[in-house]
Amino acid sequence: MPELADEPIDRPADVATSLPPEPEPVPAPDVPRALEAILMVADEPQSLVNLAAAVHVPVGTVRRAIAELVADYDGERGGVRRGFELREVGGGWRFYVRADHDALIADYVVSQNPTKLSQAALETLAVIAYKQPISRGAIASIRAVNVDSVVRTLLGRGLITEMFTDSETGAINYGTTDLLLTQLGINAIEELPRISPLLDDGREGFDSDQH
């Protein structure tokens, strides 16, 4: 069999020209409005790095633009204070309703979408949030009821996750997710209010040094 020569492979001349062109950086004056458009459709907080990559400008430019937007929405430039704010949560930026309107929005959401977590699910979520990592058995011990279906519901909603499996007992330990932080509008689980003052005589399952 004759030896094949290492010859270049012929490619259509228009291959290079058929590739999409590199996106142009957003002009500096337009960066705040471009970021505003991206954040308007974002489902989760966006980091400065992600935003910088989206508009093809340096992170420093994005940081200054974000500060400009925050000041604009807060009415610090002589404008109207908006009913929403741009808030840093979970390591990124996202639009949130201002706390002043929480009661109004909560009532609206309930009336528009009656599907919400049950009292049992909320109680179980609270136990996991304050005691994580925690096993299903320990949760059941604290609540004195079977929590299997409730844990499955919380897993399905993406509010909790399986953190690890105990090597000795084989029990799965659960913890909260970044989605819960986003829903609560906080950066870290440590920002939850301390629970001790609310417990009075009922501290079942909660140590005195817990939140």
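**Legends to close-up views of a predicted model**

**View A. Helix H2 packs against helix H4.** Helix H2 (residues 31-41) and helix H4 (residues 59-73) pack at an angle of about 75°, and their axes lie 9 Å apart. H2 is thus roughly perpendicular to H4, a label for angles of 65 to 115 degrees, whereas angles under 35 count as roughly parallel, over 145 as roughly antiparallel and the rest as oblique. The model is predicted: local features need pLDDT of at least 70, side-chain atom pairs count only at pLDDT 80 or more, and totals for chains, interfaces and linings use all residues. Residues are numbered from 1 along each chain as its sequence is written, and side-chain values use heavy atoms, with hydrogens and water left out. Helices (H or I, at least four residues) and strands (E, at least two) are DSSP runs numbered from the N terminus. Axes are lines fitted to C-alpha atoms, for helices over the stretch in contact, and angles run from 0 to 180 degrees between N-to-C directions.

**View B. Residues at the contact of H2 with H4.** From H2, Val31, Pro32, Arg33, Leu35, Glu36 and Leu39 meet Thr61, Val62, Ala65, Ile66, Glu68, Leu69, Asp72 and Tyr73 of H4; contact means heavy atoms within 4.5 Å. The residues of this contact of H2 with H4 comprise nine nonpolar, one polar and four charged. In this classification Ala, Val, Leu, Ile, Met, Phe, Trp, Tyr, Cys and Pro count as nonpolar, Asp, Glu, Lys and Arg as charged, and the others, Gly among them, as polar.

**View C. Helix H3 packs against H4.** Helix H3 (residues 48-55) and H4 pack at about 105°, with axes 9 Å apart; H3 and H4 are therefore roughly perpendicular to each other. Leu48, Val49, Leu51, Ala52 and Val55 of H3 meet Val59, Val62, Arg63 and Ile66 of H4. By class, the contact of H3 with H4 has eight nonpolar residues, no polar and one charged.

**View D. An open sheet of three strands.** The strands follow the order S3-S5-S4 with antiparallel pairing, where two strands pair if DSSP finds at least two bridges between them. Strand S3 (134-135) and strand S4 (160-165) stand at the edges with a single partner strand each, so one side of each is left without a neighbour in the sheet. S3 pairs with strand S5 (residues 172-176) in the antiparallel sense over two bridges, and tyrosine 174 in S5 is the bridge partner of isoleucine 134. Helix H6 (residues 119-131) lies across S3, S4 and S5, running at about 95° to S5. Helix H8 (residues 148-157) also packs on the sheet, touching S4 and S5, and its direction makes about 110° with that of S4.

View E. Glutamate 85 belongs to strand S1 (residues 84-89). Glutamate 85 is buried, with a relative accessible area of 18%; buried means under 20%, exposed over 50% and partly exposed in between (1.4 Å probe, protein chains only). Not counting residues up to four places away in sequence, glutamate 85 touches Arg94, Phe95, Tyr96, Val97 and Arg98.

**View F. The surroundings of threonine 182.** Threonine 182 is placed in helix H9 (residues 178-184) and counts as buried at 9% relative accessibility. Residues up to four places away in sequence aside, threonine 182 touches Pro45, Val89, Arg94 and Tyr96.
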